[in-house]
Amino acid sequence: MKSQVNIIALVDSIGALSDRTLHNGNLSLIDDGSFHSAGQGTPDLCTVVRPGQIVQWQALAVDLQTPVEIKSITFLDSPNGHVGYRPSDWSEEGEKLDLDVWAGIVPPSMGIGVPYKYRLELQMYEGKNSVMFIDSPALMCA
């Protein structure tokens, strides 16, 4: 078992902004975990993890001219809500939006076989409709 699982959100920003949705093939979630995760390449990725593992999320834009960043990650059933965190050197006006990495540690209290859905909120460039989210990805302990 790896001590870390990486989740990549591959975003077609132009498609998402044009369609006003992260569905329709505009978002693909992929992980490199040791276990067989369901929904690879879709917005419905269910990443299989173990307590104590580090989970890192990163957003990458298909179109390099339209930057994308993770604005927030919120576990929907968590009493504390927010689980992910930003690196300490994060700048709100950062120029390296595609290098932003969010991370968290799988708590020992996660129930085995229970998918914990989270809201992945992405910001693509700037403007009124530039922030979109999905509630379909999840982490699940094996």
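Two strands count as paired here if DSSP finds at least two bridges between them, and strands themselves are DSSP runs (E, at least two residues), numbered from the N terminus. This is a predicted model, where local features need pLDDT of at least 70, side-chain atom pairs count only at pLDDT 80 or more, and totals for chains, interfaces and linings use all residues. Residues are numbered from 1 along each chain as its sequence is written, and side-chain values use heavy atoms, with hydrogens and water left out.

On that basis, strand S1 (residues 4-11) pairs with S2 in the antiparallel sense over five bridges. Val-11 has Leu-27 in S2 as its bridge partner.

Now the aromatics: ring pairs link Trp-57, Phe-75 and Tyr-118 into a cluster. Rings of Phe, Tyr and Trp (its six-membered ring) pair if their centres lie within 6.5 Å; planes under 30 degrees apart are stacked, over 60 edge-to-face, and the rest tilted.

| Pair | Centre to centre | Angle between planes | Type |
|---|---|---|---|
| Trp-57 and Tyr-118 | 5.5 Å | 75° | edge-to-face |
| Phe-75 and Tyr-118 | 5.3 Å | 50° | tilted |

Trp-57 is in strand S4 and Tyr-118 in strand S7 (residues 115-124), so their pair ties together parts 61 residues apart in sequence. Buried means under 20% relative accessible area, exposed over 50%, and partly exposed in between (1.4 Å probe, protein chains only). Tyr-118 is buried at 0%, and Trp-57 is buried at 3%. Phe-75 is buried too, at 9%, whereas Val-62 counts as exposed at 52%.

Conventions: Helix = DSSP H or I, 4+ residues; strand = E, 2+ residues; numbered from the N terminus.
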